[in-house]
Amino acid sequence: MDIKRLANAMDADTGLAQEYQTVGDVQIDSDGIRNDYYLSKVKTWRPRWQDYGHLFKQRNMVGDVTMGEDRPLGLELSNKSTKAKPTKVCYTANPGGGKNLIPVYIEVTPFSNILLEEDFHNDADVKIHKIVYVLREGSTLNIKRNINVSGTHNTVQIIESDIVQHPGSNLYITTKSNKQNYLQDLYFVEALQDTVTDIQGRYDIKDDNSVHVVTDIDHIGTNCSSNVDVRSVTDDKSKFTFSGNLTVRKEAEGADAHLKNRNLQLVDTTTVITEPKLDICTKEIACTHGCTVSSIDEEQLYLLNTRGIDSNNAKQLLTEAFLNG
Amino acid sequence: MLILQDVTIATEGKEILNNVNLEFGPGIHFIVGPNGAGKSTLAHAIMSNPKYDITGGMKYNDTQLDELATWERAQLGIFLSFQNPTPIEGMSNFRLIKEAMNMGTTSSIMDKLNGFRGLAKELNLPEGWDKKELNVQASGGEKKKNELIQMKMLDPSVAILDEPDSGLDVDAINSLIEQLSDFNNKDKTIIIVSHYEKLLKSFEPSTVTVVANGTTTQTTDISVVTKVLADGFKDFA
């Protein structure tokens, strides 16, 4: 059974029409969490602020939205099966909620294997989603995040993801985004020991839209591996910035860290700024980084042309291929 | 009939070939010449590679090619198999075919996909070749076989093959010869750029073009091939 959201409270003509849309297994908004009653793998509760509040420090670029001491919404996910069935979560900004920030605490229980499909829906202006993920020992969290914001408002969207990876945990995030006016997509990861972190971000930006991505991976303990691969395609007068921070602490021997940001500029009226920052405090590691900004590859374009594909279609295909790769 | 008349090809202000006058009718044609003489340049000029400045006239049947872009020439039925095709990450081998054939979402896609898989199997390419990224992490031989699949799927009237044998092992060369023999019929024009003796001796060409000394010489005297294979290109210098 899926959770359904009331899409239209009242039809203007008939005064009736209560239309519902399926949003998935769990809907999270500023008022609370609604989940499928029969979904035993998802447990909701209100975490106590004094226990979890410290995880909710804000690091976005707006900075003028205070959290106060609103208790975060809690979601506990557990699944011991080796094959994870997807849990669909829809983060919803409701009109008239009066809150600009939705704090959510998601905990993956030890040795669980979770596939989370995240979706965002805005029926109100400025919204900040502050999501804390805690991956307990030996757990695996696979997030497929779709930031193609639906709803009546797509003005401002800030998604701050703070992730704590306990020993032996694995995190895989795949993010796709292609139509919001403004987006900050921010990832802060604390990797404790023997962890795997993989973040793949794909951003397709048009018109005068603006997208800002931060990844901050902190290798705290030994034998943590991380891979960040962020790609953007900018067109028209759009703007993209990437800040990739990688810290390997003195104690974090055996780290295997890779940071890559590739940007495809379709026209020279776009702005792309990319900045890798590496702070390496130990020698016993393998670490690579690379950031590039390029335009359409003329050789690739020619190859497609020789197969009878005209230049406009070829450019579209190459853009898609760049984001798929 | 593909006709090149008084064609000059230059790049970055440097002339590579001049006074090129060639005719390619239905049948097999060889282009030979020493390294760096301009054989690949000639092949790419026929497709209007934007890297080259081309003057003179080119005509295919009743259509003047000079003002046509690369993709328009391809749509007329002219195909170029690359010597070293560029990799495209994120695009699968079959996706290229699908787009090139403008299949959209038609029901013929499955037929074409099965045809693609059949050809890949015949050429001993690994299973799942249709899903592999185009020319990415592929050996030289695999890339050549992939070009051959594209040629057979797109079924052009004129196929220009730029060193289709390089990187192929003996079995693959035999397979290439088999595929080309299968492709060759009375309507097709196949232009092969090659140095490889076995390939050159496997077909009886209609013409042989020697590219040397900044120009081209075309002849129907196919004994030129034997002479070149025995003595090299010194007589054309």
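Predicted model: local features only at pLDDT ≥ 70, side-chain atom pairs only at ≥ 80, totals over all residues.
Residues are numbered from 1 along each chain as its sequence is written, chains are lettered from A and ligands numbered from 1 in the order in which they are written, and side-chain values use heavy atoms, with hydrogens and water left out.

The strands and helices I name are DSSP runs numbered from the N terminus, where a helix is H or I with at least four residues and a strand is E with at least two, and two strands pair if DSSP finds at least two bridges between them. Strand β9 (residues 158-162) of chain B runs parallel to β10 (residues 189-193) of chain B, and five bridges join them. Both belong to an open sheet of six strands with mixed pairing, whose order in chain B is β6-β9-β10-β3-β11-β12. At its edges stand β6 (78-81) and β12 (215-219) of chain B, each of which pairs on one side only.

Chain B has another open sheet, in which four strands follow the order β2-β1-β4-β5 with antiparallel pairing. Here β2 (14-24) and β5 (63-64) of chain B are the edge strands with a single partner strand each, so one side of each is left without a neighbour in the sheet. Strand β1 (residues 2-11) of chain B is joined to β2(B) by seven bridges, the two running antiparallel, and B:A10 stands opposite B:E15 in β2(B). Helix α1 (residues 39-46) of chain B packs on this sheet, touching β1, β2 and β4 (53-60) of chain B; contact means heavy atoms within 4.5 Å.

Let me turn to where the chains meet. In this model 21 residues of chain A are in contact with 29 residues of chain B. The buried area, which is the accessible area (1.4 Å probe) that two parts lose on being put together, summed over both, is about 2000 Å² between chain A and chain B, with carbon and sulfur atoms giving 63% of it. On the chain A side, A:Y302, A:L303 and A:R307 supply 37% of the area that this chain buries against chain B, more than any other three residues.

What joins A:R307 to B:E147? The two form a salt bridge, with their closest N and O atoms 2.9 Å apart; the term requires a side-chain nitrogen of Lys or Arg within 4 Å of a carboxyl oxygen of Asp or Glu. Between chain A and chain B the count is four salt bridges, and over all chains it comes to 18.

One salt bridge within chain A, to finish, joins A:R249 and A:D218, whose closest N and O atoms are 2.5 Å apart. Because A:R249 lies in the loop between β18 (239-248) and β19 (256-265) of chain A and A:D218 in strand β16 (residues 210-219) of chain A, the pair ties together parts that are 31 residues apart in sequence.

Methods
Axes fitted to C-alpha atoms, helices over the stretch in contact; angles between N-to-C directions.
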